[in-house]
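The points move from the whole chain to its sheet and then to individual residues.

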Amino acid sequence: MTNLANENLPDAGKYLTFVLDQERYSVPVLKVREIMRLCPITPVPRMPSYILGVINLRGKIVPVIDLRERFGLPKAVDLERACVVVVQFVTSEGNPQLMGMVVDIVEEVSVFTPQDLELPPDFGGDIDTRFITGMAKSKGTVKTLLELDRLLNFVGPLDLQALISSSAPQISHHSASLGATTC
(Lines give C-alpha, C1' and ligand atoms only; values in the text may rest on other atoms or scores of the structure.)
Protein backbone atom coordinates (compact mmCIF):
# COMPACT_ATOMS: atom_id res chain seq x y z
CA MET A 1 0.00 0.00 0.00
CA THR A 2 1.33 3.46 -0.85
CA ASN A 3 1.86 6.24 1.66
CA LEU A 4 -0.96 8.20 -0.02
CA ALA A 5 -3.34 5.29 0.51
CA ASN A 6 -2.26 5.00 4.15
CA GLU A 7 -2.97 8.70 4.68
CA ASN A 8 -6.56 8.21 3.50
CA LEU A 9 -7.26 5.20 5.71
CA PRO A 10 -9.70 5.75 8.57
CA ASP A 11 -8.09 6.16 11.97
CA ALA A 12 -7.44 3.01 13.92
CA GLY A 13 -9.11 2.91 17.31
CA LYS A 14 -12.44 2.30 19.00
CA TYR A 15 -15.66 2.21 16.99
CA LEU A 16 -19.25 1.63 18.03
CA THR A 17 -20.68 -1.15 15.90
CA PHE A 18 -24.41 -1.37 15.26
CA VAL A 19 -26.67 -3.43 13.04
CA LEU A 20 -29.18 -2.35 10.41
CA ASP A 21 -30.95 -5.12 8.50
CA GLN A 22 -28.21 -7.69 9.29
CA GLU A 23 -25.42 -5.39 8.04
CA ARG A 24 -22.83 -4.04 10.46
CA TYR A 25 -21.82 -0.39 10.50
CA SER A 26 -19.34 1.40 12.72
CA VAL A 27 -18.76 4.98 13.80
CA PRO A 28 -15.89 6.37 15.89
CA VAL A 29 -16.65 6.04 19.62
CA LEU A 30 -15.42 9.60 20.16
CA LYS A 31 -18.39 10.87 18.11
CA VAL A 32 -20.93 8.93 20.22
CA ARG A 33 -22.44 10.95 23.06
CA GLU A 34 -25.10 8.55 24.32
CA ILE A 35 -26.90 5.28 23.61
CA MET A 36 -30.48 5.08 24.80
CA ARG A 37 -33.51 2.87 24.42
CA LEU A 38 -36.04 3.89 21.84
CA CYS A 39 -38.19 6.57 23.44
CA PRO A 40 -41.13 8.73 22.34
CA ILE A 41 -40.12 10.99 19.45
CA THR A 42 -42.02 14.21 18.76
CA PRO A 43 -42.77 14.48 15.02
CA VAL A 44 -41.92 17.71 13.20
CA PRO A 45 -44.18 18.60 10.25
CA ARG A 46 -42.92 18.77 6.67
CA MET A 47 -39.66 16.90 7.29
CA PRO A 48 -38.21 14.28 4.94
CA SER A 49 -39.48 10.78 5.74
CA TYR A 50 -36.18 9.70 7.32
CA ILE A 51 -36.39 12.47 9.95
CA LEU A 52 -38.53 11.01 12.71
CA GLY A 53 -38.68 14.19 14.78
CA VAL A 54 -36.99 15.39 17.95
CA ILE A 55 -36.36 14.22 21.49
CA ASN A 56 -35.69 16.18 24.66
CA LEU A 57 -32.30 15.02 25.90
CA ARG A 58 -31.81 16.58 29.34
CA GLY A 59 -33.22 19.92 28.18
CA LYS A 60 -31.61 19.91 24.73
CA ILE A 61 -33.75 19.34 21.63
CA VAL A 62 -32.06 16.70 19.45
CA PRO A 63 -33.24 15.70 15.96
CA VAL A 64 -33.64 11.95 15.36
CA ILE A 65 -33.31 10.14 12.05
CA ASP A 66 -34.24 6.61 11.03
CA LEU A 67 -31.05 5.19 9.50
CA ARG A 68 -33.02 2.34 7.90
CA GLU A 69 -35.16 4.87 6.05
CA ARG A 70 -32.11 6.99 5.24
CA PHE A 71 -30.35 4.01 3.67
CA GLY A 72 -33.42 2.85 1.74
CA LEU A 73 -33.99 -0.26 3.87
CA PRO A 74 -37.38 -1.75 4.70
CA LYS A 75 -38.98 -0.79 8.02
CA ALA A 76 -37.88 -2.85 11.00
CA VAL A 77 -40.31 -5.51 12.14
CA ASP A 78 -38.80 -6.06 15.59
CA LEU A 79 -37.99 -2.90 17.57
CA GLU A 80 -37.35 -4.69 20.87
CA ARG A 81 -33.59 -4.03 20.73
CA ALA A 82 -33.74 -0.78 18.74
CA CYS A 83 -31.74 2.08 20.21
CA VAL A 84 -31.11 5.75 19.60
CA VAL A 85 -27.42 6.43 19.17
CA VAL A 86 -26.81 10.13 19.83
CA VAL A 87 -23.75 11.32 17.93
CA GLN A 88 -22.02 14.64 17.52
CA PHE A 89 -21.09 15.76 14.03
CA VAL A 90 -19.95 18.99 12.41
CA THR A 91 -22.55 20.82 10.30
CA SER A 92 -21.72 22.24 6.88
CA GLU A 93 -21.38 25.62 8.66
CA GLY A 94 -18.70 24.15 10.95
CA ASN A 95 -20.85 23.98 14.09
CA PRO A 96 -21.06 20.94 16.38
CA GLN A 97 -24.53 19.36 16.35
CA LEU A 98 -26.12 16.41 18.12
CA MET A 99 -28.19 13.93 16.11
CA GLY A 100 -30.00 10.79 17.21
CA MET A 101 -29.88 7.80 14.88
CA VAL A 102 -32.30 4.90 15.33
CA VAL A 103 -30.49 1.59 14.80
CA ASP A 104 -31.71 -2.00 15.07
CA ILE A 105 -29.13 -3.25 17.56
CA VAL A 106 -26.05 -1.80 19.22
CA GLU A 107 -23.62 -4.68 18.98
CA GLU A 108 -20.30 -3.76 20.57
CA VAL A 109 -17.37 -1.41 20.80
CA SER A 110 -14.78 -2.74 18.38
CA VAL A 111 -11.10 -1.88 18.38
CA PHE A 112 -9.71 -1.75 14.86
CA THR A 113 -5.97 -1.81 14.19
CA PRO A 114 -4.48 -0.36 10.99
CA GLN A 115 -4.27 -3.94 9.66
CA ASP A 116 -8.06 -4.32 10.08
CA LEU A 117 -8.84 -1.25 7.97
CA GLU A 118 -9.09 -0.77 4.23
CA LEU A 119 -10.25 2.00 1.97
CA PRO A 120 -13.67 1.53 0.41
CA PRO A 121 -13.25 -0.66 -2.67
CA ASP A 122 -13.70 0.82 -6.12
CA PHE A 123 -17.28 -0.18 -6.89
CA GLY A 124 -17.01 1.17 -10.43
CA GLY A 125 -19.38 3.42 -12.28
CA ASP A 126 -21.14 6.28 -10.56
CA ILE A 127 -21.52 4.68 -7.14
CA ASP A 128 -21.11 7.28 -4.41
CA THR A 129 -18.83 6.25 -1.54
CA ARG A 130 -18.41 9.64 0.13
CA PHE A 131 -20.37 8.45 3.20
CA ILE A 132 -17.99 5.53 3.75
CA THR A 133 -14.57 6.15 5.25
CA GLY A 134 -13.50 2.55 4.94
CA MET A 135 -14.14 -1.08 5.66
CA ALA A 136 -13.02 -3.01 8.73
CA LYS A 137 -12.37 -6.72 8.90
CA SER A 138 -13.36 -8.16 12.27
CA LYS A 139 -14.37 -11.61 13.53
CA GLY A 140 -14.94 -12.97 10.03
CA THR A 141 -17.22 -10.11 8.99
CA VAL A 142 -16.82 -6.80 7.21
CA LYS A 143 -18.06 -3.65 8.89
CA THR A 144 -18.75 -0.46 6.97
CA LEU A 145 -17.22 2.62 8.59
CA LEU A 146 -19.50 5.62 8.17
CA GLU A 147 -18.43 9.24 7.64
CA LEU A 148 -20.91 10.95 9.98
CA ASP A 149 -20.18 14.57 9.03
CA ARG A 150 -20.91 13.91 5.36
CA LEU A 151 -23.78 11.49 6.00
CA LEU A 152 -25.66 13.75 8.39
CA ASN A 153 -25.14 16.92 6.32
CA PHE A 154 -26.28 15.35 3.04
CA VAL A 155 -29.74 16.29 1.79
CA GLY A 156 -31.52 14.16 -0.78
CA PRO A 157 -31.99 10.50 -1.62
CA LEU A 158 -29.32 8.13 -0.39
CA ASP A 159 -29.15 4.41 -1.13
CA LEU A 160 -26.12 3.24 0.80
CA GLN A 161 -27.60 -0.23 1.20
CA ALA A 162 -27.58 -0.82 -2.57
CA LEU A 163 -23.91 0.08 -2.56
CA ILE A 164 -23.09 -2.35 0.25
CA SER A 165 -25.27 -5.21 -1.06
CA SER A 166 -24.06 -5.00 -4.63
CA SER A 167 -20.40 -5.28 -3.73
CA ALA A 168 -19.97 -7.01 -0.39
CA PRO A 169 -19.16 -10.70 -0.31
CA GLN A 170 -21.90 -12.84 1.13
CA ILE A 171 -21.02 -13.39 4.77
CA SER A 172 -22.91 -15.39 7.33
CA HIS A 173 -24.18 -12.98 9.96
CA HIS A 174 -24.29 -14.98 13.14
CA SER A 175 -22.73 -13.65 16.27
CA ALA A 176 -22.88 -14.88 19.82
CA SER A 177 -22.16 -11.35 21.02
CA LEU A 178 -25.52 -10.03 19.84
CA GLY A 179 -27.25 -11.23 22.97
CA ALA A 180 -24.72 -9.58 25.27
CA THR A 181 -25.36 -5.93 24.47
CA THR A 182 -28.36 -4.02 25.70
CA CYS A 183 -29.25 -0.37 25.37
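1. Buried residues account for 41% of the 183 residues in the protein chain; buried means under 20% relative accessible area, exposed over 50%, and partly exposed in between, with a 1.4 Å probe and protein chains only. This is a predicted model, in which local features need pLDDT of at least 70 and side-chain atom pairs count only at pLDDT 80 or more, while totals for chains, interfaces and linings use all residues. Residues are numbered from 1 along each chain as its sequence is written, and side-chain values use heavy atoms, with hydrogens and water left out.

2. The protein chain contains four helices and 11 strands. Helices (H or I, at least four residues) and strands (E, at least two) are DSSP runs, numbered from the N terminus. The protein chain exposes about 10,100 Å², of which carbon and sulfur atoms supply 54%; accessible areas come from the Shrake-Rupley method with a 1.4 Å probe, and for residues only the protein chains shown count as cover.

3. Among contacts in the protein chain with a separation of 6 or more, 60% join residues 24 or more positions apart. A contact means heavy atoms within 4.5 Å.

4. Six strands form an open sheet with mixed pairing, in the order β8-β1-β2-β11-β10-β9. The edges are taken by β8 and β9 (117-118), each with a single partner strand, so one side of each has no neighbour in the sheet. Two strands pair if DSSP finds at least two bridges between them.

5. How many bridges link β1 and β8? Strand β1 (residues 13-20) pairs with β8 in the antiparallel sense over seven bridges, and Val19 stands opposite Ile105 in β8. Six of the eight residues of β8 (residues 105-112) are buried, so this strand is largely enclosed by the rest of the structure.

6. Strands β2 and β11 (residues 141-146) run parallel and are joined by two bridges. Tyr25 stands opposite Thr144 in β11. In a regular strand the side chains alternate between the two faces of the sheet.

7. Gln22 lies in the loop between β1 and β2 (23-28), and its phi is near 70 degrees, a positive value in a residue other than glycine. Gln22 counts as exposed because its relative accessibility is 55%. Arg58 lies in the loop between β4 (51-57) and β5 (60-66); Arg58 is not a glycine, yet its phi is positive, at about 50 degrees. With a relative accessible area of 67%, Arg58 is exposed.
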